[in-house]
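Open the model in your viewer and keep the selection tool at hand. The tour goes from one selection to the next and says what is there.

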Amino acid sequence: MSNSEPFSWKAAAIPYVATTVGSLLSAISINAFFLPHHLLSSGISGVAIMLYYALGFPIGISNLLINVPIMIGCYKYMGRSYTLLSIIGTFIYSAMIDAMSFTSQTQLIQEPI
């Protein structure tokens with residue numbers, strides 16, 4: 001947004017709303033698909049799932065803790081506004097993973113393949 005354009009709350013809120021919705025959908029997919037079928041995701045979520053399978057450590061907390069050094073690097077290389085959105089998204093995603101854990105009790109898909 002250039003300095004000549006007026007500030008728009010709608011334009012400013014869109015990335016945060018999209019991050020929240022995406023985090024919710026991803027958290028539901030972890031709990032409703034990956035966990036009941038004992039599958040792994042990729043990236044940090046996959047490492048968090050491995051810790052869950054091996055040690056029983058909550059996936060959301062693992063995800064949050066593993067992302068701390070990444071957020072530090074994000075601030076250093078990507079700047080403050082991008083890092084703020086990333087931190088908010090990481091907190092929401094991590095909280096939603098643990099909050100949506102009840103969805104792992106139902107198998108929506110019988111055959112994962």
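This is a predicted model.

**Stop 1: helix α4**

Select residues 80–99, which are helix α4.

Now colour the buried residues of α4, which are Thr-83, Ser-86, Gly-89, Thr-90, Tyr-93, Ser-94 and Ile-97. Around the axis they cover an arc of only 125°, so they sit on the same side of α4. An α-helix has 3.6 residues a turn, so residues three or four places apart point the same way.

Turn to the face directed away from this buried side: Arg-80 and Ser-81 are the exposed residues there.

**Stop 2: the largest nonpolar core**

Which residues make up the largest nonpolar core? Select Ala-27, Ile-30, Phe-34, Leu-35, Ala-48, Ile-49, Ile-59, Tyr-93 and Ile-97, 9 residues in all. At least two residues of this core come from each of α1, α2 and α4, and α1 gives the most, with 3 residues. Tyr-93 and Ile-97 belong to this core and are also among the buried residues of α4. In soluble globular proteins, nonpolar side chains tend to be buried together.

**Stop 3: Phe-34**

Apart from neighbours within four places in sequence, show what Phe-34 is in contact with: Ser-29, Leu-39, Leu-40, Ser-41, Ile-49 and Tyr-53. Of these, Ile-49 is also one of the core residues.

**Stop 4: the aromatic pairs**

The model has 2 aromatic pairs. One joins Phe-34 to Phe-33 in an edge-to-face arrangement, with 5.6 Å centre to centre and 75° between the planes. Phe-33 has 25% relative accessibility and therefore counts as partly exposed.

Next select Tyr-52 and Tyr-53, an aromatic pair that is tilted, at 5.9 Å centre to centre and 50° between the planes. Tyr-52 is partly exposed, with a relative accessible area of 35%. Tyr-53 is partly exposed too, at 32%, and Tyr-53 is one of the contacts of Phe-34.

Note on methods. Residues are numbered from 1 along each chain as its sequence is written. This is a predicted model: local features need pLDDT of at least 70, side-chain atom pairs count only at pLDDT 80 or more; totals for chains, interfaces and linings use all residues. Side-chain values use heavy atoms; hydrogens and water are left out. Helices (H or I, at least four residues) and strands (E, at least two) are DSSP runs, numbered from the N terminus. The expected span of a helix is 1.5 Å times one less than its number of residues. Buried means under 20% relative accessible area, exposed over 50%, partly exposed in between (1.4 Å probe, protein chains only). The arc is that of the directions from the helix axis to the C-beta atoms. Rings of Phe, Tyr and Trp (its six-membered ring) pair if their centres lie within 6.5 Å; planes under 30 degrees apart count as stacked, over 60 as edge-to-face and the rest as tilted. A nonpolar core is a set of buried Ala, Val, Leu, Ile, Met, Phe, Trp, Tyr and Cys residues joined through side-chain atoms within 4.5 Å. Contact means heavy atoms within 4.5 Å.
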